[in-house]
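Please examine the sequence and the model below.

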Amino acid sequence: MTFLFLALFFCFQPVSAVSLPRSSVIRESESESIYSYDMSAPDGPPNWGSIEPSFVSCAAGFEQSGIDYPCESSGLIDFEKTGSPMVSPSSAAAFNFANTTSNWALNCDNPGSCGSVTFKDKTYSLINLHFHSPSEHAVNGVQYPLEAHMVHQDEDGSLLVIGTFFSDGSQNDCLTHMELDAGQANRELQSILVNIISGEKSFVVDVASFVGGFEYLHYDGSLTTPPCSEGVMWFNARQRQNVATGQIALYESTTGSDEFANARPMQPLNGRSLTAYSGFE
Ligand SMILES: *[C@@H]1O[C@H](CO)[C@@H](O)[C@H](O)[C@H]1NC(C)=O
């Protein structure tokens, strides 16, 4: 009886561990990429939608990411004083490294332990952290040299991404925001890059250092990589993090995509509503 119980227990462990719907974000980082960022190539961003049938949203979707956020003074952004996402990042999140031809990603060893976001009574666990250079979102046409994507998933498989811009001091957009030491080397990014360059496959990251403040810009969009699935909630932090110009070159040396960078071009807003959460009163 004890044996049967143990056998069932060990049998069921792995099942429960994979019973969450596995997002395409994870799937992408485990397989070879079949798309590129070369704008003039047959597999480049303008043609992603026709690479394979499951990528059709990349071309046919009306709620695609990223976008160019308008100025606060444009009247296009609704300000909300309540309902901000409650972002609770871990300062010691254990990740494993995964690489593809288009980008690398850090996947959380044990989702639930890497931090979470609570929004509208739902909790989303951090499953994946990766970067894009240059940024895949912009503010009034101003792009940043780097953007972190912290991909969170709830128990139904819905995705919520926290995006953070990294500033090297050469950007000047129209939002009022706090910027931390723009242009200074980013210690946590450096630690990630050094780990990757030295071949580490699993290491601990202070994700909290990439999430500053309580103010976020929000809209509903998609994955920024094929299959470009929609229904992804986006929150771009209004507080920028710092990065040194030399760190961008170091990042690019780890992605193998330095020739074309790895940012999808901005997508049309198509009348979507934009919300600025102004934090907690
Ligand atoms: C990731 O894969 C790309 C493409 O194969 C390669 O150029 C790059 O060096 C790899 N990065 C690491 C850190 O292994």
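The paragraphs below take up a helix, the ligand and a sheet in turn. The model is a predicted one.

Helix 5 spans residues 245-255, and within it Gln-247, Ile-248, Tyr-251, Thr-254 and Thr-255 are buried. These residues lie on the same side of helix 5 because they cover an arc of only 120 degrees around the axis. The cover over the buried residues of helix 5 includes strand 5 (104-108), strand 7 (122-132), strand 10 (146-153) and helix 4 (187-197). On the face turned away from the buried side, helix 5 carries the exposed residues Thr-245, Gly-246 and Ser-253. Gly-256 follows helix 5 and has a positive phi, near 70 degrees.

Asn-99 places a polar side-chain atom 2.4 Å from an oxygen atom of the ligand. Thr-254, by contrast, has a backbone N or O atom 2.9 Å from a nitrogen atom of the ligand. The ligand taken alone exposes 360 Å², of which the protein buries 56%.

Three strands form an open sheet with mixed pairing, in the order 1-8-9. Strand 1 (68-69) and strand 9 (142-143) are the edge strands, each pairing on one side only. Strand 1 pairs with strand 8 (residues 138-139) in the parallel sense over two bridges. Tyr-69 stands opposite Val-139 of strand 8.

Key
Residues numbered from 1 in each chain as written. Predicted model: local features only at pLDDT ≥ 70, side-chain atom pairs only at ≥ 80, totals over all residues. Heavy atoms only, no water. Buried < 20%, exposed > 50% of the residue type's maximum accessible area, 1.4 Å probe, protein only. Helix = DSSP H or I, 4+ residues; strand = E, 2+ residues; numbered from the N terminus. Arc of directions from axis to C-beta. Contact = heavy atoms within 4.5 Å. Pairing = 2+ DSSP bridges. Polar contact = N/O pair within 3.5 Å; in protein donor to acceptor, adjacent residues only side chain to side chain. Areas by Shrake-Rupley, 256 points an atom, 1.4 Å probe, with all protein chains shown as cover.
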